[in-house]
Amino acid sequence: MTEFLDLETQDAIRMPWNVLPGTKSDAAQSAVPISAVYTPLKPLPSLPVVPYPPLRCRTCRSVLSPFAVVDFSTKVWICPFCLHRNHFPPHYHSISDQHLPAELHQAYTTIEYESPSEKSAVPPVYMFVLDTSVIEEELGFLKSAVSRAVGMLPETSLVGLITFGTYVCVHELGFGHIPRVYVFKGSKEVSKDQVLEQMGFLNRRPKPSVGVIAGVRDGLSQESISRFLLPASECEFALNSVLEELQKDPWPVPPDQRASRCTGTAISVAAHLLGVCVPGSGARIMAFVGGPSTEGPGSIVSKNLSEPIRSHKDLDKDSAPYYHKAVKFYEGLSKQLIHQGHVLDIFACALDQVGVAELKVAVERSGGLVVLAESFGHSVFKDSLKHIFQSGDNDLGLSSNGIFEVTCSKDIKIQGIIGPCASLEKKGPLCSETVIGQGHTTAWKMCGLDKSTSLCLIFEVTRKDTPDAIGQLENNQFYFHYQHSSGQMRLRATTFSRRWVAGPGI
């Protein structure tokens, strides 16, 4: 067991076998599949962070590692994966076997690169989406919790606010003295073009005829964006003023009906707004939901109280009339979030169901969090929300907008991955025909993750003949490009090897 822990401490990788079966037939007889559990952001005591970009193989794009064969006289290194010869760039001219760069040290099989060109930190973005179709007491608890959370944010963090009930209200925080709200009907699905038009993003300039509407580079002014997303230090007063005056959804609810709640439309508007303003930057939609969605896309039940909410038995029997339509809606939303690099978090606080079964596809694929509690005043909710924003030894270390890639030696293929990520459909010779989890790719998107987020990769041994050299090493490399919790973009590369063994007795 000590060996497993030592290897995990060095590279954040744990495998069920620390030796690999020598042939495909031997691997087929293994009770446990050949796999690796990797924690991309696990804190490592000796992890070096170097201030320059990685050196990559020109053929397979793998990163220079201690397993590369180096000829110091000719300044050439041979990639251990594709065996291609690569020349060192001029700034490596002084290297020797006594003077090694960090990436060639045997102890640094895991290393992080912080490119000088990416030094400028991108502030994290938080879009708070609040449910107002709750009783006054619950709304008071929620407003108090959100106000405390905003006070804990770093001053440079960008903050936005959306409230929803029968309608979706997008609050303009850039004009604190004259509060302005943009209202969308909750019963209808809202498109990104409607958000652009109705919220005045293109008042001065027409919409580009080609390309994607995405931030300042596509004709949107910084002033129009800062109306809805402001640094926490600048918008705290305006936000707290809005929260103080925020009232329960004013539309009357008949005694035989449920409250009107357009959860799906509100989350969709939040996704569109972030896609317009900060595409490709780390952003989180934090939705606070106090009951089931009864209005618009993503609804899980009708307003009539005579109709019960679907149960587990209804889902098993496929007799939940709203379920499949809602799941399809949130699957489409998850694709949008993944494309934008944004995360959906759900804080569901109610004694009734809120529809997490339908929502989970968007939360899981974007790497979001789900918190369930009885009330917004419950300690589970308040402590969980505090834990997300606190800094220190026990913080979650939330990072975002990551791309995880894998490179293997020629006798190993990737069957798939299990974990909070989404396939980028990067097919190639390393992809196995057998799929477990998310397969047929060597790259995955991870919109959100923390220090304990882990991925399980399943491998397939393709070697058919008994290896001649039992002690021969087999290499795998994981490299993960992500936005650090500090806002800086980094690349973490982990390269590891395990021994081949002959025979089925492993």
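Two strands count as paired here if DSSP finds at least two bridges between them; helices (H or I, at least four residues) and strands (E, at least two) are DSSP runs, numbered from the N terminus. Keep in mind that this is a predicted model, where local features need pLDDT of at least 70, side-chain atom pairs count only at pLDDT 80 or more, and totals for chains, interfaces and linings use all residues. Residues are numbered from 1 along each chain as its sequence is written, and side-chain values use heavy atoms, with hydrogens and water left out.

**Stop one: strand 10.** Select residues 158–164.

**Stop two: its neighbours.** Zoom in on Met127 and you'll find its bridge partner in strand 10, Gly160. Show helix 3 (residues 136–152) as well: with strands 9 and 10 it makes a right-handed β-α-β unit. Right-handed means that, with the strands pointing away from you, the path from the first strand over the helix to the second runs clockwise.

Next, bring in strand 11, residues 167–172. Strands 10 and 11 run antiparallel with four bridges, and a hairpin of two residues joins them. Leu161 has His171 as its bridge partner there. Strand 13 (residues 230–231) is also antiparallel to strand 10, over two bridges, with Pro231 as the partner of Leu158.

**Stop three: the cores.** A nonpolar core is a set of buried Ala, Val, Leu, Ile, Met, Phe, Trp, Tyr and Cys residues joined through side-chain atoms within 4.5 Å. The largest has 46 residues, and those with the most contacts inside it include Val129, Phe184 and Leu344. Colour helix 7, residues 263–277: it gives the most to this core, with nine residues. Another core, of 34 residues, lies apart from it; Val159 and Phe381 are among its members.

**Last stop: the cysteines.** How many disulfides does a search of the whole structure find? Zero, taking a disulfide as a pair of cysteine sulfur atoms within 2.5 Å. Select Cys277 and Cys349 to finish: Cys277 is buried at 7% relative accessible area, and Cys349 is buried at 2%.

Note on methods. Buried < 20%, exposed > 50% of the residue type's maximum accessible area, 1.4 Å probe, protein only.
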